[in-house]
Amino acid sequence: MNTGFFSFSGAGLGIDFRHVFLKTYALNITNFGFTIWKRNAEYSDVQKNYIFNGIEIDNLLNIGDNEIEDNARDLLPETENKAFVTMLPAIFRIDKTLDFKRKWQPIYGIRYKMLSNYFPSAYAGFHYIDDSKIIGVTGALAYGGYTKLRATAGIYYNYKKVFAGITTSNLTGIFNKNGKGNGIGFYLFTKF
């Protein structure tokens with residue numbers, strides 16, 4: 001089996017969709033699609049009804065290096081290399097749209113990610129645009145997702161054909177050792 005960095009395992013298709021309704025809200029669907037795994041993919045068909053009676057070990061004080069691992073492998077269903085199809089973890093989001101003519105405005109929305117352990121997430125906060133309409137600042141509190149309560153923040157630059165920004169989805173993760181998720185994102189877009 002070829003498992004190098006550039007080895008081909010399959011192909012997929014995903015689409016993104018955005019629809020503004022009532023001139024105030026936007027429905028966003030991101031990464032909606034599927035993947036067809038053709039090669040280098042281990043597939044296992046797990047039985048729905050499974051009875052486990054334990055592992056027999058001859059001498060608890062003298063266990064061989066591979067004895068537990070070999071017994072555990074016997075419990076697992078056999079794997080095979082065969083093609084299969086999986087859905088992508090699509091994200092569904094409804095947000096209040098921004099009005100770039102207003103200086104201060106509330107922001108809020110909800111988000112859900114399919115096929116994952118993602119808890120539905122909701123957020124609410126503010127967005128501020130300076131008088132020149134070049135600099136924007138945003139901040140919000142969010143609950144759900146992969147963590148519980150978190151604070152988000154961002155600063156944006158929008159001038160002529162350049163849109164740039166720095167954002168974080170969890171300020172508590174940056175400043176608190178108990179916080180989860182401490183990533184910082186950098187954005188740079190040009191308009192043609």
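Biologist: What should I know about the model before we start?
Modeller: The model is predicted, so local features need pLDDT of at least 70 and side-chain atom pairs count only at pLDDT 80 or more, while totals for chains, interfaces and linings use all residues. Residues are numbered from 1 along each chain as its sequence is written, and side-chain values use heavy atoms, leaving out hydrogens and water.

Biologist: OK, how many aromatic pairs are there?
Modeller: The count is 11, where rings of Phe, Tyr and Trp (its six-membered ring) pair if their centres lie within 6.5 Å; planes under 30 degrees apart are stacked, over 60 edge-to-face, the rest tilted.

Biologist: How are the rings of Y156 and F163 arranged?
Modeller: They're stacked, 5.8 Å centre to centre with 15 degrees between the planes.

Biologist: And why is the Y157 and Y159 pair tilted?
Modeller: Because their planes sit at 45 degrees, with the ring centres 6.5 Å apart.

Biologist: Which ring cluster does Y156 belong to?
Modeller: Ring pairs link Y156 with F163, Y187 and F189.

Biologist: Switching topic, which elements give two or more residues to the nonpolar patch?
Modeller: Those are β10 (149–159), β11 (162–168), α2 (171–175) and β12 (184–190).

Technical notes. Helices (H or I, at least four residues) and strands (E, at least two) are DSSP runs, numbered from the N terminus.
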